[in-house]
Each structure stands twice: as structure tokens, then as C-alpha cells.
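Keep the structure in view while reading.

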Amino acid sequence: MYGLRMLIAFTGTAFIPYWLGQQLLTIPLTLGVIAAALSDIDDRFSVHIRNLVLTYCGFFITASGVELLFPHPVLFGFALIVSCFSLILLGSLGKRYATISYGCLVISVYTMLGVDIFPEWWQQPALLVTGAVWYGLLSSISFLLFPVRLVQDQLVQCYQLVGNFLFVKSNLFDVDMTPKSYQQSMIDLSLANSKVVGKFNETRVALVTRLKGDRGRKDTRRSLQYYFIIQDIHERADSAHIDYQKLSKVFQHRDVLFRFQRILTLQGKACQDLATAIANRQPYVHNPRFVHAFKNLERSIQHLQEELLIQSHHPEATSPLLHLSHRDADIDLWINALHGLSNNLKEIDAQLHNLESDRALNSKTEKQNDPNKEHALRDDSLQSWGDVWLRMKQNLTPESSLFRHATRLSILLLISHIIVQVGQFEYGYWLVLTVLFVSQPNFNATKRRLKLRILGTLAGITLGTFVIHFVPSVEGQLFIMVLSGVFFLQLRAQQYAQATMFITLLALINFHLADPELNAALPRAIYTIAGCFVAWLGVTFIWPDWQFRRLPLIINKAFDSQCNYLHEVVKQYHQGRNNGLDYRVVRRRAHLMDADLASLISTLATEPDVDPDQKQQSFKLLSLNHTLLSYIAALGAHREQITHPQVLEILDDALEDIEGALLRDESPQLKAHAAIQALRLLNRAQDTTLDPAENVVLQQVALIINLLPEISTLKQSLTYEHDPHATALGSL
């Protein structure tokens with residue numbers, strides 16, 4: 001649908017001026033469509049219209065300012081740096097303002113490119129806005145025809161990413177796992193998790209905007225149901241009931257690991273099948289092979305229990321399995337852990353199997369009006385002018401990465417403007433456009449875009465030269481230009497090099513049709529390379545936002561969010577299960593900080609002057625941090641009120657131990673660990689057993705406690721190696 005909309009939009013801007021004999025109008029109209037598409041925001045219809053009006057006003061004011069101030073270079077340079085800084089800082093108010101502000105920056109540079117084309121100052125701004133209005137009209141029609149389509153697209157991506165997460169998780173059940181491959185698998189899992197969490201956040205925002213204007217639409221409620229279910233599946237999928245390294249070692253000669261791996265793979269495929277069903281608006285059919293797979297898994301676990309029972313009565317009959325079990329942990333704990341894993345996968349299967357049940361849909365949606373707001377979504381949008389001032393104030397400091405990016409980009413645009421003015425370069429503002437498009441808040445993202453921008457531009461110039469010389473008809477060139485615009489907007493988010501190739505092709509054809517005598521290919525290549533060089537200098541020397549300097553801050557935030565998550569889980573073991581807003585907020589915060597840590601550490605390898613030992617330690621910490629999150633998630637997945645006083649006391653002691661080690665860098669006495677051992681010895685002496693929920697608690701607490709020494713040591717090494725207050729301030 002998006003591609004069809006863009007095809008209609010570009011066809012209008014290309015062929016209508018051609019039929020009117022005003023080929024020159026194609027340039028601003030097409031650029032207006034592109035800027036509007038880059039500024040498009042998913043929202044409910046009333047807010048969508050408001051966004052369009054804000055966008056049109058912003059475009060006209062920005063373009064008019066460029067036209068009026070351009071003849072006065074000094075005043076124009078001052079206005080450029082002030083407006084750029086202000087527009088970027090507006091992004092702190094939320095995605096809506098960030099998107100519209102970026103569109104205004106893009107339209108300002110587009111106006112610079114054609115400032116001499118039209119005689120009157122108002123003509124180009126009016127044409128740019130006309131192109132934006134044309135796109136807005138098509139966007140509004142599409143919205144009215146398919147009001148929840150964009151939310152459904154978000155949900156499709158959620159299920160696809162969770163499916164991929166399950167595929168990656170299945171690698172942890174590899175019987176040939178080595179310490180190195182385990183760490184790499186945990187890093188891959190953490191990176192996959194960061195993508196899932198990012199998409200969850202985008203989907204939540206889209207749902208919040210729809211629910212504000214919802215009038216009982218069934219599609220909206222159904223989308224909300226799908227969202228809650230995929231969140232539950234993700235929490236269970238991310239949970240860990242055992243040390244996977246030890247698991248692969250203890251049971252490497254048994255089929256139980258293959259069966260776990262097989263079920264995880266099937267569930268990953270089921271999530272992706274469900275994504276396809278949502279995209280095609282078809283009912284999801286659950287795979288009947290799950291029944292057989294779970295039966296075989298239970299049989300494998302039962303065979304292990306029987307074998308160990310026989311061997312326990314005949315100690316003279318040695319077994320590699322029995323030997324390893326006694327050395328690594330009590331065999332009962334291993335069997336309980338396998339049952340915990342199996343039950344968790346069964347819960348995921350139940351969620352998928354019952355997804356299309358009308359009873360499930362009705363029960364979920366009825367709870368939306370419950371007093372405890374168990375199915376409410378947190379709204380992070382601006383509520384008052386106080387919120388506006390607070391967010392702006394938080395970013396009016398050099399410690400804010402947004403402030404540094406705004407300062408850096410403003411200076412770079414001013415330098416680029418001076419270069420063009422001094423050199424009197426024709427179409428030199430392609431240099432400014434390149435700087436705007438490739439400059440990102442951090443070194444790694446900018447460096448990646450520099451390479452892709454240059455490669456895409458050179459490929460586009462080669463292809464454009466071929467089209468101009470071997471497709472002589474105007475209609476043929478217009479048709480290729482239309483397709484180039486569509487492919488640019490389709491690929492810009494995921495395939496930046498290819499998107500750059502198509503936008504370069506569009507620009508060359510556009511300017512060729514306006515002036516057949518103009519050869520824009522060589523200037524485009526030169527100014528792109530020059531702009532990339534300027535952007536590289538800026539991100540390297542103007543307040544360089546080196547990620548390793550932010551590492552101590554992000555580590556501390558990640559552990560703080562983990563402890564808050566654990567605190568909420570422990571509270572529910574005392575008071576009973578509650579899937580309310582408070583719980584989901586702290587869970588989301590823990591996953592977001594894990595994603596931030598993964599994103600930051602993954603960029604360290606690309607930054608210069610970072611100690612190799614620090615990189616290695618950082619990746620190890622990333623692996624351990626996600627392991628910790630998985631252990632807490634397992635506690636959260638099984639949370640139910642328990643009444644055993646000693647188990648509850650162990651939970652409280654564990655929380656105190658964990659907070660002391662991770663937040664205050666203490667060396668706790670690990671009272672919880674001693675209490676677990678004492679309780680197990682007491683139960684054996686009295687020949688009593690704990691119920692499954694209590695066993696899960698003891699098992700997960702023991703796993704977390706065992707992580708503390710290593711994770712605390714790594715945390716202190718990485719956070720105290722650098723001054724915690726030296727947060728990437730650099731020097732101009």
C-alpha cells in the first residue's frame with residue numbers, strides 16, 4: 001500500500017507538469033513529496049491532520065526564510081546555525097516533533113538547491129508545499145481506507161522479530177557449544193532482543209495514539225490483544241531457567257537438548273507464520289506438530305528421571321550423566337530446571353494456540369476497563385507546557401547527546417555554506433545536503449553512512465548517465481524517475497546504499513529534464529565526496545560522541561533497571577500476580593536498557609583508540625547482563641503468590657544481595673545463598689518437598705546469585721577504569 005501511494009504521488013509530480021508544458025515544476029513538486037514522506041507520522045486521523053498542517057506551515061516558513069535571507073550571506077549563515085540547532089533540539093519533545101523538524105531541515109536544503117530557479121521568492125516555497133500537500137492528500141485517503149493498517153504492519157514486524165529471537169535462542173541448546181560460541185550466542189541474543197524491544201516501543205506508541213481516539217473499533221482492540229500476547233511470549237522466550245553452558249555439557253549425549261531446540265525453532269516459525277496471517281488478514285492455524293513434539297520432550301525427561309532413579313539405587317554402576325550431575329549440581333535441580341523449561345515452552349504454545357479464540361479476545365478486551373488498568377498502555381506524550389520545558393531543559397546541556405549533535409551539525413552546515421559561498425560552486429549545496437543526510441549522533445552510525453552514501457551515489461551516477469544517454473524519450477525518463485522515487489522511500493530505512501543510488505538517479509533525471517544541457521553527474525559525485533569528508537571531520541573532532549565514554553553511565557542504568565524489575569517481581573510473589581501498568585513499565589525499562597547497552601557495546605569495535613581488553617570485557621558483560629535479565633524474566637514468567645515464609649525471606653535477602661552488589665559495589669554476605677542450602681537440607685531431613693512455584697524461585701535465585709561475583713567484578717572494572725563524570729564532552 002505504501003509503494004502504491006508513492007507511485008501515485010511521484011506519477012503526479014512527474015507527468016502533470018509534463019502535460020502542462022512546465023517541466024521545471026517537477027523539481028520542487030517532487031522534492032516536496034520526498035520531504036513530506038520523510039516527515040510522515042503514524043497517528044490517529046485527527047492528529048494526523050494536525051501534523052500535516054504543522055508540516056506545511058513549517059515547510060513554508062523554512063523555505064521562505066531561505067529565499068529571503070539567501071542574498072545576505074552573513075545573515076543567512078547566522079540564521080542557518082540558529083534554526084538548525086533549534087529544530088534538532090525540538091526532537092527532544094518526541095518523535096512527532098523530531099520527524100517534522102527533520103523534514104524542515106531537509107526542505108531548507110532543497111530550497112538552497114533551487115534558490116535561483118524561480119524569479120519570485122514565494123514561488124519555490126509554494127511549489128514545495130504543494131508537493132507536500134499532494135502527498136498528504138494521498139496519505140489521508142490511505143488512512144481513511146485502512147485506518148489500522150500501519151499498526152498491523154508494526155505488529156507483523158513484532159512477530160517476525162520475536163520469531164527470529166526464538167531462532168537465535170535455539171542456538172543455546174547446541175550440544176557442541178564451547179565457551180566462545182556460547183558468549184557469541186548470548187551477544188547475538190542480546191542484539192536480537194534489542195531489535196524486538198525497539199519495535200515493541202514503536203508499536204506501543206502507535207497503539208496509544210489509536211486508543212485515544214478509539215470508539216470501540218474491533219480492529220483496534222484486536223491489535224491491542226496481539227500486542228499483549230507477543231509481549232508475554234517475549235518474556236517467556238527470553239527467560240532462562242538454567243545455565244545453558246552446563247546444560248549442554250551435562251546432557252550432551254542425550255536427545256533432550258535436540259528436542260528443546262526443535263520446539264524453539266518450531267515456535268519461531270509459528271511466530272513468523274502468525275506475522276504472515278496478520279499481514280494478509282487471515283486466521284492463524286496452529287501447527288499440529290507441536291503436540292507430538294511436546295509428548296516426545298516429556299518422554300525424554302521421564303527417561304532421564306527413571307535412569308537416574310535406577311542409578312541412585314546402584315551407586316556401583318557409574319554413569320557420565322550421574323557423575324556430572326553430582327559435580328555440577330544436585331540432579332533434582334537439573335530435572336526441575338528441565339521441567340521448568342518445558343512448562344515455559346508449553347505456555348508459549350498455549351498463547352499461540354489460543355490466539356484466535358473469540359473467548360480469549362473477549363476476555364482480554366473486557367479487562368481494558370478494569371479498575372486495576374491491567375491492560376492500559378503508558379502514554380509518554382506531552383501532557384502540559386511543564387513537560388515541554390522539562391524535556392527541553394534536560395537536553396540544554398553538553399552532557400546530552402542531542403545537544404552535542406545539534407551543535408555539531410549546525411557548525412558543519414555553516415562551514416559547508418561558507419565553502420559553497422566562497423567557492424561560488426554551481427549546485428554546491430549538494431555538499432550541504434550530503435552533510436545533513438550522513439551526519440548522525442555517533443561516530444559509528446556516521447561512518448557507516450559515509451561509505452554507503454559514496455557507494456550509492458557513484459552507482460546512481462553510473463546508472464543515471466546510462467539512462468540519460470540510452471533512454472532518449474521524455475516519457476521513459478519520467479517513468480524511471482517515478483520508480484526511483486518509490487524505491488528510494490521503500491529502501492531508505494534498511495538499504496541506505498541502494499536508496500542513495502535511486503535518489504541520485506532521480507536527481508540526475510530531474511535536472512536533465514529541466515535543462516538538457518546540464519551535466520550534473522560530475523558535480524554530484526564531487527560534492528557528495530566532499531560532504532562526506534566534512535561530516536567525517538565533524539563527527540571526529542567536534543564534540544566526538546565516543547560511545548566508550550558513555551559505557552559507565554549505561555552500565556549503571558542497565559543494572560538499576562534490572563534491580564527495579566526484580567523488585568517488582570519479588571513484590572508480586574508476596575502479593576500475587578498482577579500484569580498491571582507498573583509491572584510492564586519496569587519490565588520494558590529493563591529490556592530497553594539492555595538494548596541500549598547492546599547497541600553501545602556493539603559500536604565499540606568501530607571506534608578508534610579503544611583498549612582491546614576493554615572491548616572484550618564489555619562484550620562479556622553484555623553476555624552476562626542479558627543472562628541476568630533472562631533469569632529475572634523466568635521469575636517474572638512464573639510469578640504467583642507464595643506463602644512459604646522461608647522462600648519469601650530468601651527472595652527478600654536475594655534482592656538485598658543483588659542490589660548491594662550491582663548498585664552499591666558491595667561484597668554482600670549472600671545470605672540468600674546460605675538460606676537456600678539450609679532450606680534444602682531441612683527438606684531432605686524431614687523428607688518434604690516444595691511445590692513447583694517455590695522450586696522455581698529457589699532455582700532462579702541460585703542462578704542469579706552465582707552470577708554476582710563475576711558480573712560485579714566486570715562492572716567495577718569497566719565503570720571505574722574511566723572517570724564516571726567524563727561523559728564524552730571532548731573539545732571543540
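Helices here are DSSP runs of H or I with at least four residues, numbered from the N terminus. The model is a predicted one.

**Two loop residues**

Most residues other than glycine have a negative phi, and most peptide bonds are trans. Arg 281 is not a glycine, yet its phi is positive, at about 55 degrees. Arg 281 sits in the loop between helix 11 (256–279) and helix 12 (289–313). Asp 665 also has a positive phi, near 55 degrees, in a residue other than glycine. The loop that holds Asp 665 runs between helix 26 (645–663) and helix 27 (671–685).

**Helix pairs**

Two packed helices are described by the angle between their axes and the distance between the axes.

| Pair | Angle between axes | Distance between axes |
|---|---|---|
| Helix 2 (residues 26–38) and helix 5 (residues 95–113) | about 160 degrees | 8 Å |
| Helix 18 (residues 429–438) and helix 22 (residues 521–541) | roughly 45 degrees | within 8 Å |
| Helix 18 and helix 19 (residues 443–470) | roughly 135 degrees | within 9 Å |

Helix 2 and helix 5 pack at an angle of about 160 degrees. Angles over 145 degrees count as roughly antiparallel, so helix 2 is roughly antiparallel to helix 5. Their crossing is right-handed. On the helix 2 side the contact is made by Leu 31, Gly 32, Ile 34, Ala 35 and Leu 38, and these meet Thr 99, Tyr 102, Gly 103, Val 106, Ile 107 and Tyr 110 in helix 5. By class, the residues of this contact are eight nonpolar, three polar and no charged.

Helix 18 takes part in two of the listed pairs. With helix 22, the axes cross at roughly 45 degrees, and the two helices are therefore oblique to each other. Helix 18 passes helix 22 in a right-handed crossing. Helix 18 brings Trp 430, Leu 431, Thr 434, Val 435 and Val 438 to this contact, while the residues of helix 22 include Pro 523, Arg 524, Tyr 527 and Cys 532. The contact of helix 18 with helix 22 has ten nonpolar residues, three polar ones and one charged.

With helix 19, the axes of helix 18 cross at roughly 135 degrees, which makes helix 18 oblique to helix 19. Here Thr 434, Phe 437 and Val 438 of helix 18 touch Thr 446, Arg 449, Leu 450 and Arg 453 of helix 19. This contact divides into three nonpolar, two polar and two charged residues.

**Cavities**

Rolling a probe the size of a water molecule over the atoms shows where empty space is left. How many cavities of 30 Å³ or more does a search of the whole structure find? The search finds six. The largest cavity holds about 110 Å³ of space.

Which residues line the largest cavity? They are Val 197, Phe 200, Gln 231, His 234, Glu 235, Arg 587, Arg 588 and His 591. Helix 8 (179–212), helix 9 (218–238) and helix 24 (581–604) each supply at least two residues of this lining. The lining of the largest cavity consists of two nonpolar, three polar and three charged residues.

Technical notes. Residues are numbered from 1 along each chain as its sequence is written. This is a predicted model: local features need pLDDT of at least 70, side-chain atom pairs count only at pLDDT 80 or more; totals for chains, interfaces and linings use all residues. Side-chain values use heavy atoms; hydrogens and water are left out. Axes are lines fitted to C-alpha atoms, for helices over the stretch in contact, and angles run from 0 to 180 degrees between N-to-C directions. Angles under 35 degrees count as roughly parallel, over 145 as roughly antiparallel, 65 to 115 as roughly perpendicular and the rest as oblique. A crossing is left-handed if the near helix is turned anticlockwise from the far one by less than a right angle, and right-handed if clockwise. Contact means heavy atoms within 4.5 Å. Ala, Val, Leu, Ile, Met, Phe, Trp, Tyr, Cys and Pro count as nonpolar, Asp, Glu, Lys and Arg as charged, and the others, Gly among them, as polar. On a 1 Å grid over the protein atoms alone, a cavity is a set of points where a 1.4 Å probe fits but cannot get out, and a pocket is an open set with protein on both sides within 12 Å along at least five of seven lines; lining residues have an atom within 4 Å of a point. Grid points are joined across faces, edges and corners, and a volume is the space filled by probe spheres set on the points.
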